[in-house]
Every structure is written in C-alpha cells, then in structure tokens.
Amino acid sequence: METTITKLPEEEAASRLLYHCWRGRFDDKHEAFSFPGITEGMSEKVLKDTEQPVNTFQIDLPLTTGKWPIVFEEFVDGWVVYFKDFPSIIASSDDGSLEDALDSLADIVLDDFQIMEEYKNNVSSYMKKRHQFLKKVFKT
C-alpha cells in the first residue's frame, strides 16, 4: 500500500514560488532543478500580533548536488527565508510577500556569485566560508 504525503498549503505555495522565482534566474547556468509535484493555489493565513514567527516550515531545494533545506518563517509583517545549513544567508520581504523574500534570497545568492568572481580570494574568512557553501550547493 502506497503512502501519500500531504504538504501544508503554505509549503505547496512556497515550492511553487521557489520554482518560478529561481528557475528563471539559475536555469541558464544551472540545469539542476527538478520540482516534482508543484501544485497551484495559495491559502491565506490569519496572522496574530506577535514578534515570533506565526508559521515556520522548510522545503528542500532540489539540485544536482543534493537537496538543500530552505527555512521559511512567516511573521505578522512578512516572511524570512534562509538556508538551514547556512542561516546567515537570509532574506526578508519588503512588501510582506513570500515571493518577495524568495526573490531577495536569489538576489543575495547572485550577488555572492558576483563577489566571488570579482574579488576571488580577497575577501574575509566569513565570506570565504559563505562562498564555499554556495559553491557546494550550486556546484560552480
């Protein structure tokens, strides 16, 4: 008997948004995306007034280098998105949307790739560790 795994609507929406936001940015250089089971539809959540996340979940970013967990935290005023294995690579939304947070995270990753290319080894030890992580994730 097969077991069906049901994802929360927020996880499905995040998977779909991650696919659309990042595929266009990384496809020409990285043919690594395989997002099976992306579904349409997004549910709205009633938010409570708190400084703690009202919703937290993670999905795997499926690349040829493996599955890399990305954590999503929903706050009253927006979303925070980061790599679980390197939480300081983090982005938030300016307009409160999950899509904006994912777009910001993609911008940060692309900026880091540009810094890697321009400055090579002339960066701090922290940036070297950050670059090593991104090289491992995106196999560059």
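A residue is classed as buried when its relative accessible area is under 20%, as exposed when that area is over 50%, and as partly exposed in between, with a 1.4 Å probe and protein chains only. The structure is a predicted model, in which local features need pLDDT of at least 70, side-chain atom pairs count only at pLDDT 80 or more, and totals for chains, interfaces and linings use all residues. Residues are numbered from 1 along each chain as its sequence is written, and side-chain values use heavy atoms, with hydrogens and water left out.

The chain contains three helices and four strands, helices being DSSP runs of H or I with at least four residues and strands DSSP runs of E with at least two, numbered from the N terminus. In order from the N terminus, these elements follow the pattern α-β-β-β-β-α-α. Of the 140 residues in the chain, 42% are buried. The accessible surface amounts to about 8800 Å², and carbon and sulfur atoms contribute 47% of this area, as computed by the Shrake-Rupley method with a 1.4 Å probe, where for residues only the protein chains shown count as cover. Among contacts (heavy atoms within 4.5 Å) with a separation of 6 or more, 47% are between residues 24 or more positions apart.

Strand S3 (residues 78-83) is largely enclosed by the rest of the structure, because six of its six residues are buried. Strand pairing requires that DSSP find at least two bridges between the strands. On one side of the pairing pattern, strand S2 (residues 66-75) runs antiparallel to S3 and is joined to it by six bridges, with Phe72 opposite Val81 in S3.

Lys67 lies in strand S2 and is exposed, with a relative accessible area of 61%. When residues up to four places away in sequence are not counted, Lys67 touches Asp60, Leu61 and Pro62. The C-alpha atoms of Lys67 and Val137 are 8.7 Å apart, although 70 residues separate the two in sequence.

Helix H3 comprises 14 residues and extends 20 Å from its first C-alpha to its last, close to the 20 Å expected at 1.5 Å a residue; the expected span is 1.5 Å times one less than the number of residues. Its buried residues are Met127, Arg130, His131, Phe133, Leu134, Val137 and Phe138. Viewed down the axis of H3, the buried residues fall within an arc of 160 degrees and therefore line one face of the helix, the arc being that of the directions from the helix axis to the C-beta atoms. An α-helix has 3.6 residues a turn, so residues three or four places apart point the same way. The face turned away from the buried side of H3 bears the exposed residues Ser125, Lys129, Gln132 and Lys136. After H3 comes Lys139, with a positive phi near 50 degrees.

One salt bridge is found in the whole structure, the criterion being a side-chain nitrogen of Lys or Arg within 4 Å of a carboxyl oxygen of Asp or Glu. The partners are Arg130 and Asp112, whose closest N and O atoms are 2.4 Å apart. This pair links distant parts of the chain, with Arg130 in helix H3 (residues 125-138) and Asp112 in helix H2 (residues 98-119), 18 residues apart. Arg130 counts as buried because its relative accessibility is 9%, and Asp112 counts as buried at 4%.
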